[in-house]
Each structure stands twice: as structure tokens, then as C-alpha cells.
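Student: Please take one part of this predicted model and look at it closely. I would like to see the residue contacts and then the elements around them.

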Amino acid sequence: MSLQGTYDPQNIFAQIIRGDAPCYKLYEDDDVLAFLDLFPQSHGHALVVPKRSAARNILEVDPDALCKVMGVVQRLTRAIVDELNPDGVQVAQFNGAPAGQTVFHIHVHIVPRYAGQGLGIHAAQKADPAELEQLQARLVRRIDG
Ligand code: AMP
């Protein structure tokens, strides 16, 4: 899908926001939802999405909604770094299929990076549910704490 197009309310993140599809939730408020990436590129890969925006990408999203998302991105990045001790962390956001976007509801990736470990392939390998559950519990404790 290119940068131009219409928002599909059946996209997987819209389903997760509505509660029609499951997720490993890390944080939620009235405007923002954060959850673990199901096909993580590294240990602790998380996603942050606006809940009220029918926006596919950064060109369409309301600036106030974007600000709220970025506030949560910072809070969650701090929690991930405190809990998992990565050597670096990437914060990324893709717009349009040629830029790597595969889900067309705007979102921000938080990808912890560990020295000597390459990046997993994007959206390719489903994580072990038990590992995601364990990670979710650790990060929720850290965010709430
Ligand atoms: P992007 O390619 O930037 O659109 O990122 C979409 C991300 O969503 C990828 O990293 C996928 O691994 C991830 N993803 C796809 N489906 C799900 C899902 N059901 N729950 C959590 N993450 C997902």
C-alpha cells in the first residue's frame, strides 16, 4: 500500500484496539495502547499506537494524538531499558509499503538492541507465547512500578 489510500478499520491493530483481537498489552490509557510485537526483531520489541486515530501514517495523524503516542513511547522505552538492559534502543516508524510498513494503522516501534546481536527479520518469526507472557509481566511491573 502506498502513502495514499483509505484507512481499513479491519486492520489488525484496529482489531486489537477494539478488543476483537488479542495482544500482549503493556500499557493503555484513553488515547494510547502499547503491546509486544508478535514477531519481534529483538527481545522486548514493543509497539505503541494511538487508539482514536483512523490514520494510516504520519502524514494523516492528528498532531495531538502523535504527541500522546510519543509521550508513551518515551515512558515505555525507559521501562524497557531499565528492565532489559539493552546496549541500545531503536525507535522507528514506517510509512507506506516501500518504507517497510506492513500494518496500516500508524504505530511506533521500540526495538531494544544488544551488542553482538543482529536484528531479526521484520514481521517474520512468531515469538514463543510463554516468552511473550513472561516479558509482558516483567515490563508491566516495571511500567507500573
Ligand atoms: P510495520 O511493518 O512497521 O507496519 O510494523 C508492523 C508490526 O506489527 C510488525 O513488526 C509485525 O511483527 C507486528 N505485528 C503484526 N501483527 C501483529 C499482532 N497481531 N500483534 C502484535 N504485533 C503484530
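Tutor: Start with Leu26. Leaving aside residues up to four places away in sequence, Leu26 touches Ala34, Phe35, Leu36, Ala46, Leu76, Gln136, Leu139, Val140 and Ile143. The model is a predicted one. Leu26 belongs to the largest nonpolar core, which has 23 residues, and is listed with Val48 and Leu76 as having the most contacts inside that core. At least two core residues come from each of β1 (25–28), β2 (32–36), β3 (46–50), α2 (63–84), β5 (108–113) and α3 (129–144). The largest share, seven residues, is supplied by α2. A separate, second core has nine residues, among them Ile17, Leu33, Leu47 and Val49.

Next, the sheet. Its five strands are ordered β1-β2-β3-β5-β4, and the sheet is open with antiparallel pairing. β1 and β4 (88–92) are the edge strands, each pairing on one side only. From one strand to the next, the twist averages 15 degrees. At the β4 end, β4 and β5 run antiparallel and are joined by five bridges; Val89 has Pro112 in β5 as its bridge partner.

Two helices pack on this sheet. α2 touches β1, β2, β3, β4 and β5, and its direction makes about 160 degrees with that of β3. α3 touches β1 and β2, with its direction at about 30 degrees to that of β1.

Conventions:
Residues numbered from 1 in each chain as written. Predicted model: local features only at pLDDT ≥ 70, side-chain atom pairs only at ≥ 80, totals over all residues. Heavy atoms only, no water. Core = buried A, V, L, I, M, F, W, Y, C linked by side-chain atoms within 4.5 Å. Buried < 20%, exposed > 50% of the residue type's maximum accessible area, 1.4 Å probe, protein only. Helix = DSSP H or I, 4+ residues; strand = E, 2+ residues; numbered from the N terminus. Contact = heavy atoms within 4.5 Å. Pairing = 2+ DSSP bridges. Axes fitted to C-alpha atoms, helices over the stretch in contact; angles between N-to-C directions.
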